[in-house]
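Take a look at the chain below. This report goes through its overall layout, its cores, its last helix and its surface.

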Amino acid sequence: MTSDVRPDEDGAVTPSGRRRPPGDRVALRGDLRAALPDAGAAVVVTALVFALLWARMDSGASDTVAVMPFMDDPGTYWMYLLSQAFGWSALLWAWGTVVLGLLLSGPRPAYLPVSRQVLERWHRTTSLTTTALMFAHALMFAAELVRYETEVDWAERLWVAFADTFVPGWYDSGTGRIAIPIGQGALYLAIPLGLLFYVRHRIGANTWRRLHRFVIVVYVLSVWHTLLYGTNVWYGQWPRTVLWLLQLPVAVLLLLRLLRPARRAERLGSAGGGAARPGWWLRAAGRVAVAAVVVGLLVVVVSGRDGGRDRPAHPPATAPHAQETD
């Protein structure tokens, strides 16, 4: 007796009597509508984070103020606080959409109460929300720079803010010379990688899968950007350690996805021809590297050595960068 299911292009199974017709494609417009509740939740979370950051800055307890003491007035620097709030929401949503993607492409826990189709829809909508939050984070950072550059005319202020925020290598102050291009890389990769799903029928499922794997690069760049430039996790204290700790589930799921991928074609199998199969050795090296990352994250969390800076006894009193002048 033969099975009445067949594997689809994503490694799942679809009953043979319910094959997907060629025109049955997921439309971006439909996902944008489906993402509205998710986006609404993201706005609420962003508002709560913003209120918390405002209260901490107003009380003088903010790490941002410890890094940049001139930023002790939330009424003046509210756009910077809103940029931070969007950034934290974007990182939270990126964490969620990556976890959903790894659950879809790896061994799916039996206790999950929702179907694969629901997980896939959540993955798509949270991905769209994440990209929107990332762009809002960058846009509010640019708006703060426009407010800050008071020594030049409006055209120059707009150009400086745009270039500092969106042109790689333009921002030339402190840690931002490295951290901001990393964040820009995450944004500029997230947009096309997120939208590729909606042209999968044109580029082919195999090409889409190869490109979609780079989503994990977007997430790594986002976390790296936060660790370098997020003043709320600047110092080597518990918030920074918690941020490292949250990466452990992602790393473990990625390792499980590599060890037990949903698609049989991606399973490691036997080395067979040895050196004649460089692809096998490359996949094996990837699994070893991710296992090393898991061990490294455990060491960071247990030891508390998370790369944070020591809180200075006399924090700097300078502005983030000199104002542009004519």
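This is a predicted model: local features need pLDDT of at least 70, side-chain atom pairs count only at pLDDT 80 or more; totals for chains, interfaces and linings use all residues.

## Overall layout

The chain has 12 helices and 2 strands.

The chain holds 326 residues, and 42% of them are buried.

In soluble globular proteins, nonpolar side chains tend to be buried together. In this chain, the largest nonpolar core has 46 residues. Met134 and Phe141 have the most contacts inside this core. Several elements give two or more residues to this core: α2 (36–59), α3 (63–67), α4 (78–105), α5 (116–148), α6 (154–166), α7 (176–195) and α10. The most comes from α5, with 10 residues.

Which residues does Phe141 touch, leaving aside those up to four places away in sequence? The list is Tyr80, Ser83, Thr165, Tyr171, Ile180 and Tyr229. There is also a second, separate core of 21 residues. Among its members are Leu227, Leu248, Val250 and Leu254.

## Helix α12

Helix α12 has 26 residues. From its first C-alpha to its last, α12 reaches 37 Å. That is close to the 38 Å expected at 1.5 Å a residue. Just after α12 comes Gly304, with a positive phi of about 80°.

The buried residues of α12 are Trp280, Ala284, Arg287, Val290, Val294, Leu297 and Val300. What do they pack against? Their partner is α11 (238–259).

Look at Arg287, which sits in α12 (residues 278–303). Is Arg287 buried or exposed? Its relative accessibility is 7%, so Arg287 counts as buried; the cut-off for buried is under 20%. Arg287 and Leu256 are 31 residues apart along the chain. Their C-alpha atoms are separated by 9.1 Å.

## The surface

The chain exposes about 17700 Å². Carbon and sulfur atoms supply 66% of that area.

One nonpolar surface patch covers about 410 Å². Leu189, Val199, Ile203, Leu211, Phe214 and Val217 make this patch. Find Phe214 in the loop between α9 (205–212) and α10 (215–229). Phe214 has a relative accessible area of 46%, so it is partly exposed. Exposed would need over 50%, and buried would need under 20%.

Definitions and conventions
Residues are numbered from 1 along each chain as its sequence is written. Side-chain values use heavy atoms; hydrogens and water are left out. Helices (H or I, at least four residues) and strands (E, at least two) are DSSP runs, numbered from the N terminus. Buried means under 20% relative accessible area, exposed over 50%, partly exposed in between (1.4 Å probe, protein chains only). Accessible areas come from the Shrake-Rupley method with a 1.4 Å probe; for residues, only the protein chains shown count as cover. Patches are made of residues with over 30% relative accessible area and no salt bridge: like charges are joined within 9 Å, nonpolar side chains (Val, Leu, Ile, Met, Phe, Trp, Tyr) within 5 Å. A salt bridge is a side-chain nitrogen of Lys or Arg within 4 Å of a carboxyl oxygen of Asp or Glu. The expected span of a helix is 1.5 Å times one less than its number of residues. Contact means heavy atoms within 4.5 Å. A nonpolar core is a set of buried Ala, Val, Leu, Ile, Met, Phe, Trp, Tyr and Cys residues joined through side-chain atoms within 4.5 Å.
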